[in-house]
Amino acid sequence: MSVLLLPTLGPFHILHPRYNGVTVLELARQHQPEVLYLASYAPEELAAQSWRDQNEVSFFHVLPWAERAGLAVVALDEDPHLRQEALAFREALAQYPRGQALLQQVAPLEEALRALLTTPLTPSRLAEPATLEALRGYHQGYAAAFGEGPATGSRHLRMQRVARALGRPSGRAVVLVDVLDYPLLAEALPEGTYRLPGAHTPTELELQRSLLDRAWRLEPSDDWALLLSQLRELGGAEALYCAAQIYLAAGQPEDAWALMEELLRTDFHHPAYLPGYALARYGQLADALGQREKALRAYRAVLGLSWAPEEARAVARAGQRTPFRL
């Protein structure tokens, strides 16, 4: 029996070159599991693929691999409504002055959590006692302020139930677990029945992902020429999209357009968020260059996809109403 717990960081993976979405894939693949468990999602959420709208970055890489490998994927959280209670609880408090004051009392907890999740992370650092203790401290602070229950999303209760569902599995398994659930699931599982991520040398695929993530997070202080050179060397649909973004940011829409035209002649279905973003940007560039009919076709294509990020759909809806201008 060998169970590997892998914490997932949602959209924060893009900040961590040494623990990006492909790192989670590579750690899972290297473990050679017989089954992949999702500790923080319910079966109906997995069926509806609602994780896509939660920006669960690692799932865009891990789940297609599991499907190709014929690996069973089992969602274990039977109480997703409890997770939503925390959001509803905070939204309700925020509507009243007294509630706002109470939320201010726990603001330092949120700041400490953000600091933890934005400081460079590695697999081994996520297994360090100090990291686990910091995450537990976040939960303990909320429980001290509001009690265990709606304010905390009943995370302790949910992870205890997930641990019981896991039982003592035989064979090799990987458990993907939201970083906030991660220390609680580790506590709930019997000692010696699991292991945490350890020292890991990044693979070539992880290094490529870190380059793409850096391009998605383009900042004025970056060396844009170097990024363009590295993206050209990397190649592929997502690299073309990121390079086009750099040209557009630099005020060179014609160069961006040329790359997007090239992208649309490739297979750009992976990652699953790319088609929506690419078609939405193509429509905007077509509008900017005075090609309204091409723009409208692109916007319609975005809205015709079985799924696209809401941001891309919003761009398409706005573009249908009013031509995009730089």
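Modeller: A residue counts as buried under 20% relative accessible area, as exposed over 50% and as partly exposed in between, with a 1.4 Å probe and protein chains only. The model is predicted, so local features need pLDDT of at least 70 and side-chain atom pairs pLDDT 80 or more, while totals for chains, interfaces and linings use all residues. Residues are numbered from 1 along each chain as its sequence is written, and side-chain values use heavy atoms, leaving out hydrogens and water.

Nine of its 11 residues are buried, so α1 is largely enclosed by the rest of the structure. The buried residues are G21, V22, T23, V24, L25, E26, L27, A28 and H31. They are covered by elements that include β1, α3 (59-68), α6 (123-126), β4 (172-178) and α10.

Q32 counts as exposed, at 59% relative accessibility. Its phi is positive, about 55°, although Q32 is not a glycine. Most residues other than glycine have a negative phi. Q49, in the loop between α2 (43-48) and α3, also has a positive phi, near 55°. Q49 is partly exposed, with a relative accessible area of 33%.

L6 is buried, at 0% relative accessibility. Setting aside neighbours within four places in sequence, L6 is in contact (heavy atoms within 4.5 Å) with Y19, V24, L27, A28, V174, V175, L176, V177 and P197.

The whole structure holds 12 aromatic pairs (rings of Phe, Tyr and Trp, the last by its six-membered ring, with centres within 6.5 Å; planes under 30 degrees apart are stacked, over 60 edge-to-face and the rest tilted). One of them joins W216 to Y241: the pair is tilted, with 5.1 Å from centre to centre and 35° between the planes. W216 lies in α10 (residues 204-216) and Y241 in α12, so the pair ties together parts 25 residues apart in sequence. W216 is partly exposed, with a relative accessible area of 27%, whereas Y241 is buried, at 3%. Both belong to one aromatic cluster, along with Y41, W51, F59, F60, Y273, Y277 and W307.

The axes of α12 (residues 237-249) and α13 (residues 253-263) come within 8 Å and cross at roughly 165° (axes are lines fitted to C-alpha atoms, for helices over the stretch in contact, and angles run from 0 to 180 degrees between N-to-C directions). That makes α12 roughly antiparallel to α13 (over 145 degrees; under 35 is roughly parallel, 65 to 115 roughly perpendicular, the rest oblique). From α12, A237, L240, Y241, A243, A244, Y247 and L248 meet P253, D255, A256, L259, M260, E262 and L263 of α13. By class this contact has 12 nonpolar, no polar and two charged residues (Ala, Val, Leu, Ile, Met, Phe, Trp, Tyr, Cys and Pro are nonpolar, Asp, Glu, Lys and Arg charged, and the others, Gly among them, polar).

Between α13 and α14 is a loop that holds P271. The peptide bond from H270 to P271 is cis, with omega near -5°.

With α15 (residues 292-304) the angle is about 160° and the axes are 7 Å apart, so α14 and α15 are roughly antiparallel. This contact is made by G276, L279, A280, Y282, G283, Q284, A286 and D287 of α14 and R292, K294, A295, A298, Y299, A301 and V302 of α15. Its residues are nine nonpolar, three polar and three charged.

With α16 (residues 310-321), the axis of α14 comes within 8 Å and crosses at roughly 30°, so α14 and α16 are roughly parallel. Here G276, Y277, A280, Q284 and D287 of α14 meet E311, A312, V315 and G319 of α16. This contact divides into four nonpolar, three polar and two charged residues.

Methods. Helix = DSSP H or I, 4+ residues; strand = E, 2+ residues; numbered from the N terminus.
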